[in-house]
Amino acid sequence: MVRTSCGSCARVEKQIAPVVAAAGVGLVVRNVDHDRELAMEFGDRVPVVVVDGEEFACWEVDNGELAEALAH
């Protein structure tokens with residue numbers, strides 16, 4: 001989950017893209033500014049990484065932990 005004007009969101013997206021690609025899964029970026037329900041749920045609490053429908057991380061992401069979560 002990202003916001004349009006969020007520098008941290010862009011940084012995290014760039015950081016995790018290779019981890020996601022190495023796991024052989026797709027990275028879907030959802031902009032909360034374009035979805036009222038997501039905006040209400042996440043507000044300014046972005047970036048948020050979701051794995052298998054569950055919130056995995058907020059603001060900061062550990063690449064090793066993400067790789068492990070994607071391997072399951």
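Calls and cut-offs in a predicted model

Modeller: Asparagine 31 sits in the loop between H1 and H2, helices being DSSP runs of H or I with at least four residues and strands runs of E with at least two, numbered from the N terminus. This is a predicted model, in which local features need pLDDT of at least 70 and side-chain atom pairs count only at pLDDT 80 or more, while totals for chains, interfaces and linings use all residues. Residues are numbered from 1 along each chain as its sequence is written, and side-chain values use heavy atoms, with hydrogens and water left out.

Colleague: Why does asparagine 31 count as buried?

Modeller: Buried means under 20% relative accessible area, exposed over 50%, and partly exposed in between, with a 1.4 Å probe and protein chains only. Asparagine 31 has 17% relative accessibility, so it counts as buried.

Colleague: What is asparagine 31 in contact with, leaving aside its neighbours within four places in sequence?

Modeller: Val2, Arg3 and Thr4, where contact means heavy atoms within 4.5 Å.

Colleague: Why is the pair of arginine 3 and aspartate 33 called a salt bridge?

Modeller: The term requires a side-chain nitrogen of Lys or Arg within 4 Å of a carboxyl oxygen of Asp or Glu. For arginine 3 and aspartate 33 the N to O value is 2.6 Å, and the side chains meet in a salt bridge. Arginine 3 lies in the segment before H1 and aspartate 33 in the loop between H1 and H2, so the pair ties together parts 30 residues apart in sequence.

Colleague: Is aspartate 44 buried or exposed?

Modeller: Aspartate 44 has a relative accessible area of 67%, so it is exposed. Arginine 3, at 23%, is partly exposed.

Colleague: What is the volume of the largest pocket?

Modeller: About 480 Å³. On a 1 Å grid over the protein atoms alone, a pocket is an open set of points where a 1.4 Å probe fits, with protein on both sides within 12 Å along at least five of seven lines; lining residues have an atom within 4 Å of a point. The lining comprises 24 residues, and Leu27, Val28, Val49, Val50 and Val51 lie nearest the centre of the pocket. H1 gives the most to this lining, with five residues.

Methods. Grid points are joined across faces, edges and corners, and a volume is the space filled by probe spheres set on the points.
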